[in-house]
Amino acid sequence: MMKSRILTGFFLLSSITQLAMGQINKDVFKTNKGDLEIWFIGHGSLMFNYNSKNIHVDPFSRMADYSTLPKADLVLITHEHGDHLDQNAINAIQKDDTRLIVNITSGEILQKGQVMKNNEKVTVQDIIIESVPAYNILHKRENGNPYHPKGSGNGYVITFGDKRVYVAGDTENIPEMGNLKNIDIAFLPMNLPYTMTPEMTADAAKMFMPKILYPYHYSKTDTNLLVELLKDTKKIEVRIRKM
């Protein structure tokens, strides 16, 4: 059954799609150029459907049977870790004209795709994609190197008509988030030791005040903690989906 309601200027439809690997939740938003479907595949994996185009973000084979999912018109890879750069998943959804956008190191590994460094912009089929920094400051490996070094990984701000969606990738609450403007929907990671605590995620959200915040890539982190931390920040609606 579908339920619809108007929230913060958006028309939301929630539904369940049956696929080979189980149930994938979808939310649908109205834009001034057509509906935007967001598929919550799991972990850091998302799919957007917009004007009959399918945009996959960090497809990961452990999250779904990608042979059953819609073929990709565009694939965005945030960074090179195996749960974000999965060649088998990419192959399963790739077609002859699929555009692949990757960070620097993923491009070196794959030897294909359009490399975007931090703070670059490209337009693909009327979809504007901006690459933004994604890195660790606090959380590091035993050798002292950050799990995600500065200047390597990307987050992406994707503009669908009049809606701007921020997919942060693996990052902490870095100062550059304060430069983000007019974010309608944000995906922020929340799992230790690789990304953020609920407190860091709440701080990150307050830097740029998205209208809707989805925590993602949160593993076993208690999402209720984030809801509690932001309960008095009325301009941010926190939505929890199975990720």
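This report walks through a predicted protein model, from its overall build to a few selected residues.

## About the model

Residues are numbered from 1 along each chain as its sequence is written, and side-chain values use heavy atoms, with hydrogens and water left out. Because the model is predicted, local features need pLDDT of at least 70 and side-chain atom pairs count only at pLDDT 80 or more, while totals for chains, interfaces and linings use all residues.

## Overall build

The protein has four helices and 16 strands; these are DSSP runs numbered from the N terminus, with helices being H or I of at least four residues and strands being E of at least two. Its radius of gyration is 17 Å, close to the 18 Å that the globule rule gives for 243 residues, so the protein is as compact as a globular protein of that length. For reference, that radius is taken over C-alpha atoms, and the rule is 2.2 Å times the number of residues to the power 0.38. Along the principal axes, the C-alpha atoms fill a box of roughly 50 × 45 × 35 Å.

Of the 243 residues, 55% are buried. Here buried means under 20% relative accessible area, exposed means over 50%, and partly exposed is in between (1.4 Å probe, protein chains only). Contact, meaning heavy atoms within 4.5 Å, can be sorted by sequence separation: among contacts between residues at least 6 apart in sequence, 51% join residues at least 24 apart.

## Surface and charge

The accessible surface comes to about 10,900 Å², and carbon and sulfur atoms account for 49% of that area. These areas come from the Shrake-Rupley method with a 1.4 Å probe; for residues, only the protein chains shown count as cover.

There are 28 positive and 27 negative side chains, and the centres of the two sets lie 5 Å apart. Lys and Arg count as positive and Asp and Glu as negative, leaving out His and the chain ends. Each charge is placed at NZ of Lys, CZ of Arg, CG of Asp or CD of Glu.

## Helix α3 and its surroundings

Helix α3 covers residues 198-208, and its buried residues include Pro198, Met200, Ala202 and Phe208. What do the buried residues of α3 pack against? Their partners are the strands β13 (163-167), β14 (185-189) and β15 (212-216), together with α4. After α3 comes Met209, with a positive phi near 55°.

Leu230 sits in the loop between α4 (223-229) and β16, and at 3% relative accessibility it counts as buried. Beyond its neighbours within four places in sequence, Leu230 is in contact with Ala202, Ala205, Lys206, Leu213 and Val238.

Asn136 belongs to the loop between β11 (127-134) and β12 (153-160), and its relative accessible area of 4% makes it buried. Its side chain makes a polar contact of 2.8 Å with the side chain of His148, and another of 2.8 Å joins the side chains of Asn136 and Glu172. A polar contact is a pair of N or O atoms within 3.5 Å; within protein, one must be able to donate a hydrogen and the other to accept it, and residues adjacent in sequence count only if both atoms are side-chain atoms. Not counting residues up to four places away in sequence, Asn136 also touches others, including Pro146, Tyr147 and Thr195. Tyr194 is 58 residues from Asn136 in sequence, yet their C-alpha atoms are 7.9 Å apart.

Arg241 lies in the segment after β16 (237-238) and is buried at 17% relative accessible area. Its side chain makes a polar contact of 2.9 Å with the side chain of Asp27.

## Backbone details

Most residues other than glycine have a negative phi, and most peptide bonds are trans. His43, in the loop between β4 (34-42) and β5 (45-50), has a positive phi of about 55°. Is His43 buried or exposed? With a relative accessible area of 19%, His43 is buried.

Ser52 lies in the loop between β5 and β6 (53-57) and has a positive phi of about 70°; at 65% relative accessible area, Ser52 is exposed. The peptide bond from Leu192 to Pro193 is cis, with omega near 0°, and Pro193 is in the loop between β14 and α3. Thr197 is in the loop between β14 and α3, and touches Met190 and Leu192, not counting residues up to four places away in sequence.
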